[in-house]
Amino acid sequence: MQTELYINGQWVAPVLGGTLPVIDPATEQVFAHVAAGSAADIDQAVHAARAAFDHGPWPRMPGSERARYLRAFAQAVRDRQDRLAALEVRDNGKPLPEADWDIADAAGCFDFYANLADELARTPEEPIELPDTRFVSKAVREPLGVVGAIIPWNFPFLMAVWKVAPALAAGCTVVLKPSELTPLSALELGAIADEVGLPPGVLNIVNGTGPQTGQPLSEHAGVDKIAFTGSVPTGSRIMAACARDIKTVSLELGGKSPFVIFDDAPLEDAVEWILFGIFWNQGQVCSATSRVLVQQGIYERVLQRLCEESRKIRIGNGMDKGVLLGPIVSRAQYDRILHAIDRARDDGATVASGGRAAPGLDKGYFLEPTVLTDVPLDSAAWTEEIFGPVVCLRPFTDEDEAIRLANDSRFGLAAAVMSTDFERAERVAAAFRAGIVWINCSQPTFTEAPWGGYRQSGIGRELGRWGFDNYLETKQITRFVGQEPWGWYIA
């Protein structure tokens with residue numbers, strides 16, 4: 001495994017030396033070590049990215065040429081599909097089919113932003129109509145600068161590509177800081193950069209902990225923008241650090257997303273989407289629909305079927321065929337989830353199903369899919385992100401109550417509604433205070449559509465054209481074409 005950092009187009013040893021262990025959450029065994037970066041390594045990486053942006057060819061080449069590099073990245077990812085998916089399983093714990101899906105999505109993301117880079121090359125500027133004909137003006141879109149990208153552990157490769165692809169397409173240079181829990185697949189981007197001949201300094205990758213590398217990156221004066229995905233407390237600290245330099249920031253943070261199911265929804269479809277909405281990736285999904293509101297008329301039947309089906313989910317090593325629920329990513333996260341379940345019990349919640357370590361698995365951070373009912377509205381289980389395979393169910397009477405309960409949150413990342421009444425579904429979707437809304441489904445994600453939330457779920461949008469615009473600045477250029485100056489000072 002790679003025990004060096006990728007800086008300025010080279011694999012280099014960390015300044016202070018040292019490594020970080022990589023643990024397989026299915027076996028609890030250390031199976032690799034990676035270089036442990038520090039503030040000194042971050043400084044080297046930022047200077048490399050700064051030089052590549054200020055003096056190198058990358059931001060100055062036509063978008064169509066950058067697009068060729070991005071398409072080469074996409075093909076290289078596809079060529080490594082099996083290897084990358086296996087790394088994700090062993091590093092993160094997710095089942096192999098989910099990892100396969102993530103890697104395929106990542107390749108598609110590179111292709112999508114290659115197309116937008118091509119489009120930027122065709123229309124880099126927009127004429128502006130002015131009331132004074134002595135002047136002509138245009139708006140020009142230019143790359144923003146050096147980007148510090150800090151990514152989480154729940155979708156290690158895909159989240160890296162969500163930031164790297166649009167940034168490179170726009171002409172920015174990047175310093176990428178992967179999660180110390182799941183660094184392996186992100187390092188493959190360095191190998192791919194070498195393979196496709198990316199100019200030195202355009203992409204740099206520095207492993208390390210948050211205090212040792214994430215904080216120095218967010219505070220570095222040479223960085224123009226921080227793009228962060230992770231927890232609200234860390235996002236708040238990053239935003240404060242960026243405020244000191246008036247640095248651009250985009251934050252994709254947590255959620256406690258509601259799923260409103262009306263009594264005309266097909267029962268089995270509703271149960272299937274609840275399962276998918278909370279147990280995909282072991283519930284370690286920022287947009288997971290973890291608060292399920294079911295109309296009174298079908299509440300008991302939905303609860304019964306949900307518990308029945310959740311108990312059938314096969315739990316185990318993500319590489320084993322048929323496994324749908326892998327281990328939690330780390331011992332610390334595993335313990336946090338169990339503590340959250342215990343606290344919910346103390347608050348008066350009922351564990352309708354699950355709620356404990358998965359039986360029969362002596363090693364690994366395996367938890368049963370858990371269904372909670374009777375959860376008080378002021379309980380942390382209802383209000384705070386657990387980030388695990390835990391769902392809370394609550395009945396409601398009418399549409400107004402459902403909307404009120406759904407929006408009663410400091411978060412606003414995602415929300416979902418199920419109903420065969422199209423007008424009602426659209427009405428409820430419009431009433432949700434959330435950046436992502438699903439009707440008759442939960443969790444589908446497309447590179448073409450914007451991703452981001454309201455309130456404490458973040459600032460800005462990733463994916464689609466919106467994600468591309470995050471990495472561009474807009475410059476006004478106005479030219480005087482009149483015959484004589486205004487004559488303001490010289491009579």
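**Why these labels?**

Author: Ile246 has a relative accessibility of 75%, so it counts as exposed. The cut-off for that label is over 50%. Keep in mind that the model is predicted.

Reader: Where is Ile246 found?

Author: Ile246 sits in the loop between helix 8 (232–244) and strand 11 (248–252). Its phi is positive, about 50 degrees, although Ile246 is not a glycine.

Reader: Why is Asn440 called partly exposed?

Author: Its relative accessible area is 33%. Buried needs under 20%, exposed needs over 50%, and partly exposed is in between. Asn440 is therefore partly exposed. The residue is in the loop between strand 19 (436–439) and strand 20 (454–455). Asn440 is not a glycine, yet its phi is positive, near 60 degrees.

Reader: What makes Val206 count as buried?

Author: Its relative accessibility is 0%. The limit for buried is under 20%, so Val206 counts as buried. Val206 lies in the loop between strand 9 (203–205) and helix 7 (210–219).

Reader: Which residues is Val206 in contact with, leaving aside its neighbours within four places in sequence?

Author: With those neighbours set aside, its contacts include Leu5, Ile7, Asp41, Ile42, Leu176 and Thr213. Take Leu176: it is 30 residues from Val206 along the chain, and their C-alpha atoms are separated by 6.3 Å.

Reader: How do you know that Ala26 is buried?

Author: Ala26 has a relative accessible area of 9%. That falls under the 20% cut-off, so Ala26 is buried. Its place is the loop between strand 3 and strand 4. Leaving aside neighbours within four places in sequence, Ala26 is in contact with Asn317, Pro327, Lys363, Gly364 and Phe366. Ala26 and Ile328 are 302 residues apart in sequence, with 8.2 Å from C-alpha to C-alpha.

Reader: And Ser379, buried or exposed?

Author: Ser379 has a relative accessible area of 2%, so it is buried. The loop that holds Ser379 runs between strand 15 (370–373) and helix 12 (380–383). Apart from neighbours within four places in sequence, Ser379 is in contact with Ala344 and Asp347.

Reader: Now the helices. How do you know that the span of helix 6 agrees with what it should be?

Author: Helix 6 covers residues 184–196, which makes 13 residues. At 1.5 Å a residue, it should span 18 Å. The expected span uses one less than the number of residues. The end C-alpha atoms of helix 6 are 19 Å apart, which agrees.

Reader: What makes helix 6 mostly covered?

Author: Ten of the 13 residues of helix 6 are buried. Among them are Leu184, Leu187, Leu189, Ile192 and Val196. Gly197 follows helix 6 and has a positive phi, near 80 degrees.

Reader: Why are helix 3 and helix 6 called roughly antiparallel?

Author: The axes of helix 3 (residues 81–92) and helix 6 cross at roughly 150 degrees and come within 8 Å. Over 145 degrees counts as roughly antiparallel. Helix 3 and helix 6 therefore get that label. Arg83, Leu84, Leu87, Glu88 and Asp91 in helix 3 meet Leu184, Ser185 and Glu188 in helix 6. The contact divides into three nonpolar, one polar and four charged residues.

Terms used: Residues are numbered from 1 along each chain as its sequence is written. This is a predicted model: local features need pLDDT of at least 70, side-chain atom pairs count only at pLDDT 80 or more; totals for chains, interfaces and linings use all residues. Side-chain values use heavy atoms; hydrogens and water are left out. Helices (H or I, at least four residues) and strands (E, at least two) are DSSP runs, numbered from the N terminus. Buried means under 20% relative accessible area, exposed over 50%, partly exposed in between (1.4 Å probe, protein chains only). Axes are lines fitted to C-alpha atoms, for helices over the stretch in contact, and angles run from 0 to 180 degrees between N-to-C directions. Angles under 35 degrees count as roughly parallel, over 145 as roughly antiparallel, 65 to 115 as roughly perpendicular and the rest as oblique. Contact means heavy atoms within 4.5 Å. Ala, Val, Leu, Ile, Met, Phe, Trp, Tyr, Cys and Pro count as nonpolar, Asp, Glu, Lys and Arg as charged, and the others, Gly among them, as polar.
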